[in-house]
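Thank you all for coming; I would like to take a few minutes to walk through one chain with you. Please keep the sequence and the model in view while I talk.

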Amino acid sequence: MARPSTILIATLVFAATAMPAHAQLGGIQVDTNWVLEADAMHPGSTMKAALEVQLQEHFHVHSNKPLEDYLIPTVLKVDAPEGFTVTEIVYPEPILIDAGFSNQKLAVFEERFALGAAIAADASVAPGEYEVAASLRYQACDDEKCLPPKTLQLPITVNVVDPSAAVTPSGSAVVASIAFTGATAPMEPAPVVAETEPMPPAPLLAESNDVLAMLDEFDVLGTAEGYMEPDDFLAFID
C-alpha cells in the first residue's frame with residue numbers, strides 16, 4: 001500500500017501496471033445478503049435493512065472512518081428511487097488491530113459484520129415492488145497486504161403494500177443488532193464557491209534541463225494514495 005509520501009512519478013508507474021497487478025493479485029470471496037425487518041412496508045413507513053457481509057478467512061476491510069488518511073474506507077451507498085428516502089446508514093463499531101504493513105493500529109471490520117440502512121416510503125407511494133440501488137465499496141486486506149479496492153452492486157427489493165394489508169416481521173436478530181437511532185441521515189453540504197480575484201498568468205517554465213527543478217514550476221491540484229482501479233485512476237487524472 002502506498003504511503004502519503006509517495007510521489008506522483010510512482011503513482012504513474014503503478015497506473016501503467018495496474019491491470020496486470022490486479023489480475024495477479026486477484027480478489028477474495030465476499031458473501032453478502034440483505035435482510036429486511038419485514039416482508040413488506042406500508043406507504044409512509046420506514047423499512048430497516050441489514051447487509052450481512054462475510055469475508056474470506058483471515059481478511060478484513062478498513063472501517064468507514066480509517067485512522068490513516070491514505071487508507072480506503074468501507075462505504076455503503078444507498079440511492080433511493082423517487083418516493084423513497086434513505087434516512088440512516090449505520091456502520092458497526094470497528095476493532096483495532098496491528099498489521100505488518102503499518103506502524104499504527106488499524107480500525108477495521110473483521111471477517112463477519114453487518115451494516116444497516118433505513119429506507120422511508122412517502123405516503124404517496126403506490127403499492128408494488130421497488131428496486132433500491134445500493135453499493136458497497138471496500139478494500140480487503142490481510143495482515144501483510146491490501147488488495148485493490150472493489151465496489152459491489154447490491155440492489156434491495158422493497159415491497160410496498162396497501163395500508164390495510166398485513167405486514168409480517170422477519171424477527172431477524174441481525175436487523176435487531178443494528179444500532180439504528182431513528183435520526184435522519186445528514187445531507188452532504190453544498191460546495192462553497194469562494195469569490196477570488198483572477199489568477200495571474202502562470203510563469204513560463206524555466207529553460208533548464210533539470211527536470212526536478214522544472215517540477216517546482218507546477219502547482220499540485222490533487223493527490224491520490226493507495227490502490228486505484230483503472231476507472232478510478234482515469235477519473236482522478238481527468
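This is a predicted model: local features need pLDDT of at least 70, side-chain atom pairs count only at pLDDT 80 or more; totals for chains, interfaces and linings use all residues.

**Strands, cores and salt bridges**

If we take the contacts between residues at least 6 apart in sequence, 74% of them join residues at least 24 apart. The chain exposes about 15000 Å², of which carbon and sulfur atoms supply 55%.

What about the interior? In soluble globular proteins, nonpolar side chains tend to be buried together. Here the largest nonpolar core has 34 residues, and those touching the most other members are W34, L51, V53, V78 and I156. The elements that contribute two or more residues to this core are β1, β2, β4, β5, β8, β9 and β12. A second, separate core holds eight residues, among them A50, A114, I178 and F180.

Which residues does I156 contact, leaving aside its neighbours within four places in sequence? They are W34, L36, I119, Y130, E131, V132 and A134.

I will finish with the charged pairs, where the count comes to three salt bridges. In one of them the side chains of E52 and R112 meet, at 3.9 Å from N to O; because E52 lies in strand β2 and R112 in strand β8, this pair ties together parts that are 60 residues apart in sequence. R112 is itself exposed, with a relative accessible area of 60%.

In another, K105 and D98 bring their closest N and O atoms to 3.2 Å; K105 is partly exposed, at 42% relative accessible area, while D98 is exposed, at 54%. Finally, D142 and K145 form a salt bridge with their closest N and O atoms 2.8 Å apart, and here D142 counts as buried, at 14% relative accessibility, whereas K145 is partly exposed, at 36%.

Definitions and conventions
Residues are numbered from 1 along each chain as its sequence is written. Side-chain values use heavy atoms; hydrogens and water are left out. Contact means heavy atoms within 4.5 Å. Accessible areas come from the Shrake-Rupley method with a 1.4 Å probe; for residues, only the protein chains shown count as cover. A nonpolar core is a set of buried Ala, Val, Leu, Ile, Met, Phe, Trp, Tyr and Cys residues joined through side-chain atoms within 4.5 Å. Buried means under 20% relative accessible area, exposed over 50%, partly exposed in between (1.4 Å probe, protein chains only). Helices (H or I, at least four residues) and strands (E, at least two) are DSSP runs, numbered from the N terminus. A salt bridge is a side-chain nitrogen of Lys or Arg within 4 Å of a carboxyl oxygen of Asp or Glu.
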